Structures are given as structure tokens and as C-alpha cells.
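Please look at the sequence and the structure before reading on.

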Amino acid sequence: MDKEEIKDRLKVLCESNDSEWRKKAEWRRDNGFWLKKSGKIALSILNVMNRKSISKKELAGSLGISVERLQKYLSGDENMDLKTICSFEKILGEDIIEINI
């Protein structure tokens, strides 16, 4: 393989990595309005779990989901619907979000 072939291969590799990074960064920028709130909800759930000494495995079992799915919710990057949030509240016995009317 000569120098030009190596350059071409490196260029392709660099472009694909940059492209993937750029897509993720743009997604986070475009979805930042709900990602902040999702992160706060996840943190609230984690705080209740810590206070009540509830493991991820226990909570996932009570919710009827896998630990992997629970981990996605707790990452703060998952767009939880109201039904899911209410399921967490019911199982944990505490409000996770507060609605002011």
C-alpha cells in the first residue's frame, strides 16, 4: 500500500468518525430542551432509590422491565412518557415530578 492509499483510507475513517460525532452533538443540541428535564427526572429517581436502598435490579423487576431498559431511563437520555413516570412514582411511593396548575 502506498502513501496515497494510506491517506485515502485515513481520510475515510476520520470523516466517518467526525460524522457520527457531529450527528450525536447535533441531536443533543436539537433535543436539549427536554434532555435537561429528563436528566432531572432521572436524578430524582436515583435519589429516591438511594434513600430507600432500592437496587436497579429490584426496581426493574417491580416495573416489569429489564435492568438494561431501566439503565436507559436513568441515563437521562431517554424520553419517558407520562405513563412511565407515573409507574416510577407508584413503585417508589413518591412523586418524581410536580405539576403546578
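This is a predicted model: local features need pLDDT of at least 70, side-chain atom pairs count only at pLDDT 80 or more; totals for chains, interfaces and linings use all residues.

Residues are numbered from 1 along each chain as its sequence is written, and side-chain values use heavy atoms, with hydrogens and water left out.

**Nonpolar core**
- The largest nonpolar core has 14 residues; such a core is a set of buried Ala, Val, Leu, Ile, Met, Phe, Trp, Tyr and Cys residues joined through side-chain atoms within 4.5 Å.
- Buried means under 20% relative accessible area, exposed over 50%, and partly exposed in between (1.4 Å probe, protein chains only).
- Ile45, Leu59, Met80, Phe88, Leu92 and Ile96 have the most contacts inside this core.
- Two or more residues each come from helices H2 (32-51), H3 (56-63), H4 (67-74) and H5 (82-92); helices are DSSP runs (H or I, at least four residues), numbered from the N terminus.
- H2 gives the largest share, four residues.

**Glutamate 89**
- Glutamate 89 lies in helix H5.
- Leaving aside neighbours within four places in sequence, glutamate 89 is in contact (heavy atoms within 4.5 Å) with Glu94, Asp95, Ile96 and Ile97.

**Isoleucine 6**
- Isoleucine 6 belongs to helix H1 (residues 3-30).
- Isoleucine 6 is classed as partly exposed because its relative accessible area is 40%.
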